[in-house]
Amino acid sequence: MTDREYEILDALYFTVSFEWLKNELEAEEVELRDELLLLKEKGWVKCLEKVSEKEIEENEMVKKYYKEYNFLASKNGLIVHNSR
């Protein structure tokens, strides 16, 4: 796990919006989007619709509409984060 992955997971103990996460981490938008996609592919992050909290499975949807979604560390992500 990289330091950046650790920082992102540390901020995702609760469901947060993309904008909140970007501001909290003082991150560049596209860089953060790509990092979230990688963490999602590893199974360490969940991407959720804001209203229904339905999990978004398709990476292309996340890549296209990331600003409209919330993010949350998955159980596996929290395990990896806490084992560091």
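Is glutamate 26 buried or exposed? Glutamate 26 counts as exposed, because its relative accessibility is 74% and the cut-off for exposed is over 50%. The structure is a predicted model. The points below cover its sheet, a pair of packed helices and several single residues.

**The sheet**

- Three strands make up an open sheet, and their order across it is β1-β3-β2, with antiparallel pairing.
- β1 (16-17) and β2 (45-49) are the edge strands; each has a single partner strand, so one side of each has no neighbour in the sheet.
- Strands of a sheet pair through backbone hydrogen bonds, and the pairing can be parallel or antiparallel.
- β2 and β3 (residues 69-73) run antiparallel and are joined by five bridges.
- Between β1 and β3 the pairing is also antiparallel, and it extends over two bridges.

**Residue partners in the sheet**

- Phenylalanine 71 in β3 stands opposite cysteine 47.
- Phenylalanine 71 is also the bridge partner of valine 16.
- Leucine 48 has asparagine 70 in β3 as its bridge partner.

**Burial of strand β3**

- Strand β3 is mostly covered, with five of its five residues buried.
- Tyr69, Phe71 and Ala73 point one way from β3, while Asn70 and Leu72 point the other way.
- The residues on both of these sides of β3 are buried.

**Packing of helices α1 and α3**

- Two packed helices are described by the angle between their axes and by the distance between those axes.
- Helix α1 (residues 3-11) packs against helix α3 (residues 29-41) at an angle of about 85 degrees, and the axes are 11 Å apart.
- This angle makes α1 roughly perpendicular to α3, because angles of 65 to 115 degrees are placed in that class.
- On the α1 side the contact involves Arg4, Glu5 and Ile8; on the α3 side it involves Glu31, Leu32, Glu35, Leu36 and Leu39.
- Sorted by class, this contact of α1 with α3 has four nonpolar, four charged and no polar residues.

**Glutamate 5 in helix α1**

- Glutamate 5, which belongs to helix α1, counts as buried because its relative accessibility is 12% and buried means under 20%.
- The side chain of glutamate 5 reaches the backbone nitrogen of threonine 2 at 2.9 Å.
- Apart from neighbours within four places in sequence, glutamate 5 is in contact with Leu39, Lys42 and Trp44.

**Aspartate 34 in helix α3**

- Aspartate 34 is placed in helix α3 and counts as partly exposed, at 32% relative accessibility.
- The side chains of aspartate 34 and arginine 33 are joined by a polar contact of 2.9 Å.
- Asparagine 59 is 25 residues from aspartate 34 in sequence, and their C-alpha atoms are 10 Å apart in space.
- Glutamate 49 is 15 residues from aspartate 34 along the chain, and the C-alpha atoms of these two residues are separated by 18 Å.

**Glutamate 49 in strand β2**

- Glutamate 49 is part of strand β2 and is partly exposed, with a relative accessible area of 29%.
- Leaving out residues up to four places away in sequence, glutamate 49 touches Lys54, Ile56 and Tyr69.

**Two loop residues**

- Serine 74 sits in the loop between β3 and α5 (75-82) and is buried, with a relative accessible area of 7%.
- A polar atom of the serine 74 side chain lies 2.4 Å from the backbone oxygen of glycine 43.
- When residues up to four places away in sequence are not counted, serine 74 touches Gly43, Trp44, Val45 and Lys46.
- Glutamate 26, the residue of the opening question, is located in the loop between α2 (18-25) and α3.
- Most residues other than glycine have a negative phi.
- Glutamate 26 is not a glycine, yet its phi is positive, at about 50 degrees.

Note on methods. Residues are numbered from 1 along each chain as its sequence is written. This is a predicted model: local features need pLDDT of at least 70, side-chain atom pairs count only at pLDDT 80 or more; totals for chains, interfaces and linings use all residues. Side-chain values use heavy atoms; hydrogens and water are left out. Two strands pair if DSSP finds at least two bridges between them. Helices (H or I, at least four residues) and strands (E, at least two) are DSSP runs, numbered from the N terminus. Buried means under 20% relative accessible area, exposed over 50%, partly exposed in between (1.4 Å probe, protein chains only). Axes are lines fitted to C-alpha atoms, for helices over the stretch in contact, and angles run from 0 to 180 degrees between N-to-C directions. Angles under 35 degrees count as roughly parallel, over 145 as roughly antiparallel, 65 to 115 as roughly perpendicular and the rest as oblique. Contact means heavy atoms within 4.5 Å. Ala, Val, Leu, Ile, Met, Phe, Trp, Tyr, Cys and Pro count as nonpolar, Asp, Glu, Lys and Arg as charged, and the others, Gly among them, as polar. A polar contact is a pair of N or O atoms within 3.5 Å; within protein, one must be able to donate a hydrogen and the other to accept it, and residues adjacent in sequence count only if both atoms are side-chain atoms.
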